[in-house]
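Open the model in your viewer and keep the selection tool at hand. The stops below go from one selection to the next.

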Amino acid sequence: MNGFRERMTRFMYGRYGNDQLSRFYLGLALGCFVVYVFTRLNLVYLAGLALLVYGTYRSFSRDITKMSAQNQKYLTWRYQKAVKFQNAKKHWAQRKEYCFFKCPKCRQKVRVPRGRGRIAITCPKCSAEFVKKS
């Protein structure tokens, strides 16, 4: 067993290896194959096969800078989606106590208490005033 591990370590030396984007592609490929089992759509099978091949290619690639840049873009995108989801979750939890408005000038989100009638709202970012009904 140690001989195999040593040969594999030597083979992977100088290669990029497995990262989050490669795992994402391999997970999508697995999902495509599961969908193919139920639908028998050849297009889904081919998409899963292409994702599997590309995910494996990324793992064995020697172009480390390119693969690292792609992974960083993916991680940034994933982080932005997670932040949006967390903000939506917070807004949903606060929907009974507060109203949320966007400033017409700078698009900053402003939170105001519900049930105050028509109020003048001052944006904390650009100090613009606008009137809304809470």
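Leaving aside its neighbours within four places in sequence, which residues is Ala120 in contact with? Select Ala120 in this predicted model and show what surrounds it: the contacts are Glu129, Phe130 and Val131. Ala120 is found in strand E3, residues 118-122. Draw the C-alpha to C-alpha distance from Ala120 to Phe130: the two are 5.6 Å apart in space and 10 residues apart in sequence. Ala120 counts as exposed, because its relative accessibility is 53% and the cut-off is over 50%.

Next, go to helix H1, residues 2-12, and select Phe11 together with Phe60 of helix H3, residues 42-60. The two rings form an edge-to-face pair, with 5.7 Å from centre to centre and 70° between the planes. This pair links distant parts of the chain, 49 residues apart. Phe11 is partly exposed at 39% relative accessible area, and Phe60 is also partly exposed, at 33%.

The charged end of Arg15 sits over the Phe11 ring, 4.2 Å from the ring centre. For another arrangement of this kind, select Trp92 and Arg95: Arg95 lies over the face of Trp92, at 3.9 Å from the ring centre.

Stay in helix H1 and select Glu6 and Arg10, which are 4 residues apart, about one turn of the helix. Their side chains meet in a salt bridge with an N to O distance of 3.2 Å. Glu6 is partly exposed, with a relative accessible area of 49%, whereas Arg10 is exposed at 57%.

How many salt bridges are there by the count? The count comes to 2. To see the one between Arg58 and Asp19, select both residues; their closest N and O atoms are 2.6 Å apart. Arg58 lies in helix H3 and Asp19 in the loop between H1 and helix H2 (20-39), so this bridge ties together parts that are 39 residues apart in sequence. Are Arg58 and Asp19 buried or exposed? Both are buried.

Move to Ser59, also placed in helix H3. Ser59 is buried, because its relative accessible area of 10% falls under 20%. Apart from neighbours within four places in sequence, the contacts of Ser59 are Met12, Arg15, Tyr16, Gly17, Asn18 and Ser22.

Now return to the aromatic rings. A search of the whole structure finds 8 aromatic pairs. Select Tyr36 and Tyr45, whose ring centres are 5.0 Å apart. The planes of Tyr36 and Tyr45 stand at 45°, so the pair is tilted. Tyr36 is buried, with 18% relative accessible area, while Tyr45 is partly exposed at 35%. For a group of rings, select Phe24, Tyr25, Tyr54, Tyr57, Tyr74 and Trp77, which ring pairs link into a cluster.

Notes. Residues are numbered from 1 along each chain as its sequence is written. This is a predicted model: local features need pLDDT of at least 70, side-chain atom pairs count only at pLDDT 80 or more; totals for chains, interfaces and linings use all residues. Side-chain values use heavy atoms; hydrogens and water are left out. Rings of Phe, Tyr and Trp (its six-membered ring) pair if their centres lie within 6.5 Å; planes under 30 degrees apart count as stacked, over 60 as edge-to-face and the rest as tilted. Helices (H or I, at least four residues) and strands (E, at least two) are DSSP runs, numbered from the N terminus. Buried means under 20% relative accessible area, exposed over 50%, partly exposed in between (1.4 Å probe, protein chains only). A charge sits over a ring if NZ of Lys or CZ of Arg is within 6 Å of the ring centre and within 35 degrees of the ring normal. Contact means heavy atoms within 4.5 Å. A salt bridge is a side-chain nitrogen of Lys or Arg within 4 Å of a carboxyl oxygen of Asp or Glu.
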